[in-house]
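Here is a short briefing on one protein model.

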Amino acid sequence: MSEKRILVTRSSMPPIEEYVEEIRPLWESHWLTNMGEKHQQLEAELRERLGVSGVALFTNGHAALECAIEALELGKDGRTEVITTPYTFASTTNALVRKGLTPVFADIKPGDYTLDPACIEALITPRTCAIVPVHVYGTLCEVDAIRQIAVEHGLKVIYDSAHAFGVERNGVSAAAFGDVSMFSFHATKVFNTIEGGALCFTDESLYPTLNQWKNFGIGLSGGSEHVGGNAKMNEFCAAMGLCNLRHLDEEIARRAKVEERYRARLSGVAGISLVEPQADVSSNHAYMPVVFTDDFGATRDEVFDALGAHGIGARKYFYPLVTDFMCYRDAYDSAATPIARDVAAHVLTLPMYADLALEDVDRICDIVMGSTR
């Protein structure tokens, strides 16, 4: 008999009966998109859950990020440089470039892989307009230090919070940091709407502007006031979000048990580096990143292959570094961010989801430990 296949992640879904009841009214209203009842209800429930005054839903996190750039008018005053991290998913950088901005890459901190505030200051020029940090794997950036830098230099801050839904610091949601925080509600995230995303903000005047940008720029006049696109979340996705939001606390609690088992097996092992939990931060346990150093006795790629041979999916995430992408490598040198380059070359995210059985975690760890030469 073949071994049980384990994927790197698995989408969380509510009981089918619950979802059917949530979408049943759509067969009566026939209002399937264009910010209908489910869309409005989900925005309201997210405002309450996240403790922010502004939430705007989008078809995905990438579209949300592009709309945030437009709404904050980054680059409109001639300042087009944005300081960000190369240790991220392609979307973060692509959104900046697609909107005519120039990414300037700062290195990351070796302990948690988030943007290093100490590296930001030296990169600020008269052309800098914003900072776009990333809460990597749900680990929060040094938000206070970044805010101070931004205030001193008159810069906007947009957080890529794609990994950080449900994360809080001293009871304050990750949604409350920066001028805008972007969340992804992709199927693989801790909280999903099948596909989707959101922007969270405290300046409520952004809400109508964002709604225009995601709806072809159409304003009260009925004509396009901005060169907007179409990035509206549909009612079926919003309904899935309403269902999944009810189960979020349970989802995070179950993930916590999975992470606890991984840490019990892998902490303190020579050559294995784990991100340490942050003080005063409630984690969402979104990912299980492991960095393999030379002391381990097997390379990251050898561990990856060993797991794959047993039908276990792991992910080299984030690898390659953004600055090593084919579309960017001629313009950037990854040697300029040596910590990010080193982590990308050695990191592996292990399977992590609420339904992952603890005996499967043990099997994964056994294979990891048995992969050494």
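Tyrosine 328 counts as buried, because its relative accessibility is 8% and the cut-off for buried is under 20%. This is a predicted model. Phenylalanine 325 also falls under that cut-off, so at 18% relative accessibility it counts as buried. The two rings form a stacked pair, because their planes stand at 25 degrees, with the centres 6.5 Å apart.

**Aromatic pairs**

- A search of the whole structure turns up 17 aromatic pairs.
- Tyrosine 87 and tyrosine 137 make an edge-to-face pair, because their planes stand at 80 degrees; the ring centres are 6.3 Å apart.
- Tyrosine 87 sits in the loop between β2 (81-84) and α5 (90-98). Tyrosine 137 sits in the loop between β4 (128-132) and α7 (143-153). The pair therefore ties together parts that are 50 residues apart in sequence.
- Both tyrosine 87 and tyrosine 137 are buried.
- One aromatic cluster is formed by Tyr87, Tyr113, Tyr137, Tyr287, Tyr317 and Phe318.

**Charges over rings**

- Arginine 300 places its charged end over the ring of tyrosine 319, 4.6 Å from the ring's centre.
- Phenylalanine 304 has lysine 316 over its face, at 4.6 Å from the ring centre.

**Salt bridges**

- The structure contains 26 salt bridges.
- Lysine 99 pairs with glutamate 70, and their closest N and O atoms are 2.8 Å apart.
- Lysine 99 lies in the loop between α5 and β3 (102-105), and glutamate 70 lies in helix α4 (residues 61-71).
- Lysine 99 is partly exposed, with a relative accessible area of 28%. Glutamate 70 is buried, at 14%.
- Lysine 99 and glutamate 70 also belong to a network of salt bridges that links them with Glu66, Lys76 and Arg98.
- Arginine 79 and aspartate 77 meet through their side chains in a salt bridge, 2.9 Å from N to O. Arginine 79 is partly exposed, with a relative accessible area of 25%. Aspartate 77 is exposed, at 51%.
- Arginine 254 and glutamate 250 form a salt bridge at 3.8 Å, N to O. They are 4 residues apart in helix α10, so about one helical turn separates them.
- Arginine 254 is partly exposed, with a relative accessible area of 31%. Glutamate 250 is partly exposed as well, at 44%.

- An open sheet of 3 strands runs in the order β10-β12-β13, and the pairing is antiparallel.
- β10 (272-274) and β13 (347-350) stand at the edges. Each has a single partner strand, so one side of each is left without a neighbour in the sheet.
- On average, neighbouring strands of this sheet are turned by 35 degrees against each other, direction ignored.
- Strand β12 (residues 288-292) is joined to β13 by 4 bridges, and the two run antiparallel. Valine 290 stands opposite leucine 348 in β13.
- Helix α10 (residues 248-266) packs on the sheet and touches β10, β12 and β13. The direction of helix α10 makes about 20 degrees with that of β12.

Definitions and conventions. Residues are numbered from 1 along each chain as its sequence is written. This is a predicted model: local features need pLDDT of at least 70, side-chain atom pairs count only at pLDDT 80 or more; totals for chains, interfaces and linings use all residues. Side-chain values use heavy atoms; hydrogens and water are left out. Two strands pair if DSSP finds at least two bridges between them. Axes are lines fitted to C-alpha atoms, for helices over the stretch in contact, and angles run from 0 to 180 degrees between N-to-C directions. Contact means heavy atoms within 4.5 Å. Rings of Phe, Tyr and Trp (its six-membered ring) pair if their centres lie within 6.5 Å; planes under 30 degrees apart count as stacked, over 60 as edge-to-face and the rest as tilted. Buried means under 20% relative accessible area, exposed over 50%, partly exposed in between (1.4 Å probe, protein chains only). A charge sits over a ring if NZ of Lys or CZ of Arg is within 6 Å of the ring centre and within 35 degrees of the ring normal. A salt bridge is a side-chain nitrogen of Lys or Arg within 4 Å of a carboxyl oxygen of Asp or Glu.
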